[in-house]
Amino acid sequence: MAQQIPLVDYLVLGDDPHLVANECTSCGARFFDRRNACASCEGTEFKRVDIPTTGEVRAFTIVSFAAPGIPVPFVAAVIDCEGTSVGANLINVTPDAEHVSLGMKVRLATEVIGTDDEGTEAVGFGFEPLGG
Amino acid sequence: MASASEELWILGIHMTKFGKHPDKDVVDLASEAVQGALADGGVTMKDMGIIGAGNLMGAAAPTGQMVQKQLGQTGIPVFNVSNACATGATALRVAAMAIKAGETDMGLAFGVEKLAGAGLLAGGSRSSDSNTWTPHGRYGAVAAVDGRIGTQTMPGVFAQIGMEYGHKYGGTSFELFAQISEKNHSHSTLNPLAAYTKKMTLEQIMGDVMIAYPNTRPMCSANCDGAAAAVVVSGSKLKTLSLEQQRRAVKISASILTTDPWEEACQILPNVNSLTRNAATQAYEQAGVSPSDLNLVELHDCFATAELVHYDNLMLCEQGGAVDFFKSGATWRDGKTPVNVSGGLESKGHPIAATGIANVWEVATHLRGEAGDRQIEGAKVGMTHVIGLGSACGVHILEKSAA
């Protein structure tokens, strides 16, 4: 199997791919990047937490124009993962208003987005419809 | 000299025609607006004690000083400001704060932008894809993430903001959002300064190029060139001016700027709701008016999906009631609370830094009874609203002079 690297450092690959966040130990606010202090309570202690891999689509758009190299149309969405909001594309679904709906249940899925000159695959993530 | 209890008034105000101005640069456009505002107020650069200058795309340039060199260098302090789509409102706040602080009794604010043909505006930075994956940036990204992990493009962000409202309260649809755009394009036919003044049918709007569902092209703000400027004066100084200047002056009953407080998800999808509601709450309190007192509102319809949520955020309707409020016809120019009678950003255009003063010009012009064919008869109180992602929200409440 080719070497893999996650698209972003808050995506953990392996047998059970999932997202991680920095959680403020005093108020529980979660951030996907580093903070000097919590934007909610100014606390300075954080711990790494796993984000649930299933959730519900709270908002979406179907984008028709994007930067070069990005296939369009694609679905961008906000997913409520059991109380933690995650921004991601919806994948493995036909990108139109008939197949995507507010409130639909989804789960995290990964996909290879490309291979570099050293043969390493970059792996991104999205959310796909749950069940069938 | 002015003081913290000092009233604030618009003495003179002007906006250029919005649209394509290939022969004019930023300085030309800003100077046209500033000269217009000075002439409208019957004053000159020598009367100004401060300048708040707004220009987003050239934020590193000394735009205020460039305009001074074009129109009159008097050595007064210039504050060049940049605050996304709230840049113009921020420039106005600078002049207002200087007067409130007692540093001067008259100040100038302007906003200018050259944006014609700018295309799609992204919110985040785009890193380039390299030949070997190397993590960089705050998220350790090995490739550009926009389009791979959601979207930071403006049409997509604001599309989700409208959809989120629909998910929370129900009743939204592609057609409903398109109807909001239909209203604004209809309003624009009466505004000679709008970039686009063509009436569009619902079918035309829905059948146009889809940019980011549910926003088609005419449901997006129009990138264009333009400038607007205002002269702000203290209440005590105004009393020393001519009766005609006092009669045409428009009272700034509230001038508010907010940023977004932390809330879950606010860093995933910008929460444009709370800071707008906070700004509106403060503005109503400062002005001592209620939403039902407003004769017209110019709000930040950067996309049709955004206009809907701001009916609610500005408390023009009950919480959760924006869909019914729109369907009642309240926001059409003959409705209970006319919204965006200028045509809004979707048709008047959105030269970013100019917008937060151009909307004040629109309301002030109605309050003065000088809006011609699109005059809202008997207008006495109006509100303006802008929001810049990041986020900053500017709200002003304006009142007709009793003089």
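Mentor: Let's start inside chain B. In α10(B), the buried residues are Ala304(B), Thr305(B), Ala306(B), Glu307(B), Leu308(B), Val309(B), His310(B), Tyr311(B), Asp312(B) and Asn313(B). Keep in mind that this is a predicted model.

Trainee: How many residues of helix α10 of chain B are buried, and what does that say about the helix?

Mentor: General idea to begin with: an α-helix has 3.6 residues a turn, so residues three or four places apart point the same way. Now the case here: helix α10 (residues 304–313) of chain B has 10 of its 10 residues buried, so it is largely enclosed by the rest of the structure. Just after α10(B) you'll find Met315(B), with a positive phi of about 65°.

Trainee: Now the domains. Into which domains is chain B divided?

Mentor: Chain B has domain 1 (8–118 + 224–252) and domain 2 (154–220 + 253–400). Between their C-alpha centres there are 23 Å. Where they touch, 40 residues of domain 1 of chain B are in contact with 35 residues of domain 2 of chain B.

Trainee: Which element gives the most to the domain 1 side of that contact in chain B?

Mentor: That's α3(B), with eight residues. By class, the side of domain 1 of chain B that touches domain 2 has 24 nonpolar, 10 polar and six charged residues.

Trainee: And the largest nonpolar core: how many residues does it have?

Mentor: To read a core, look for buried nonpolar residues that are joined through C-beta atoms within 7 Å. The largest one here has 162 residues, and those with the most contacts inside it are Phe110(B), Val232(B) and Ile357(B). Helix α13 (residues 352–367) of chain B brings the largest share, 10 residues. Both domains of chain B give residues to this core, so it lies between them.

Trainee: Take Val232(B). Which residues is it in contact with, leaving aside neighbours within four places in sequence?

Mentor: Among them are Leu8(B), Trp9(B), Ile10(B) and Leu11(B). Ala95(B), Ala96(B), Ile99(B), Gly107(B) and Ala109(B) are also in contact with Val232(B).

Trainee: On to the other chain. What pattern does chain A follow along the sequence?

Mentor: Chain A reads β-β-β-β-β-β-β-β-β-β, with zero helices and 10 strands. Of its 132 residues, 34% count as buried. Its C-alpha atoms fill a box of roughly 40 × 40 × 30 Å along the principal axes.

Trainee: How many residues does each chain put into the contact between them?

Mentor: Chain B gives 40 residues and chain A gives 44 residues. On the chain B side, α4(B) gives the most, seven residues. That side divides into 21 nonpolar, 12 polar and seven charged residues.

Trainee: Which strands are joined across the two chains?

Mentor: Strand β6 (residues 54–63) of chain A and β5(B) run antiparallel, joined by two bridges. In that region, Ile62(A) stands opposite Tyr213(B) in β5(B).

Trainee: One last residue. Why does Ala265(B) count as partly exposed?

Mentor: Count the C-beta neighbours: a residue needs 20 or more within 10 Å to be buried. Ala265(B) has 19 inside 10 Å, so it counts as partly exposed. Ala265(B) is in the loop between β8 (250–259) and α9 (272–287) of chain B. Leaving aside neighbours within four places in sequence, Ala265(B) is in contact with Val78(A), Ser85(A) and Asn271(B).

Methods: Residues numbered from 1 in each chain as written. Chains lettered and ligands numbered in written order. Predicted model: local features only at pLDDT ≥ 70, side-chain atom pairs only at ≥ 80, totals over all residues. Contact = placed C-beta atoms within 7 Å. Helix = DSSP H or I, 4+ residues; strand = E, 2+ residues; numbered from the N terminus. Nonpolar A, V, L, I, M, F, W, Y, C, P; charged D, E, K, R; others polar. Pairing = 2+ DSSP bridges. Buried ≥ 20, exposed ≤ 12 C-beta atoms within 10 Å, placed from the backbone. Domains from an automatic or database assignment.
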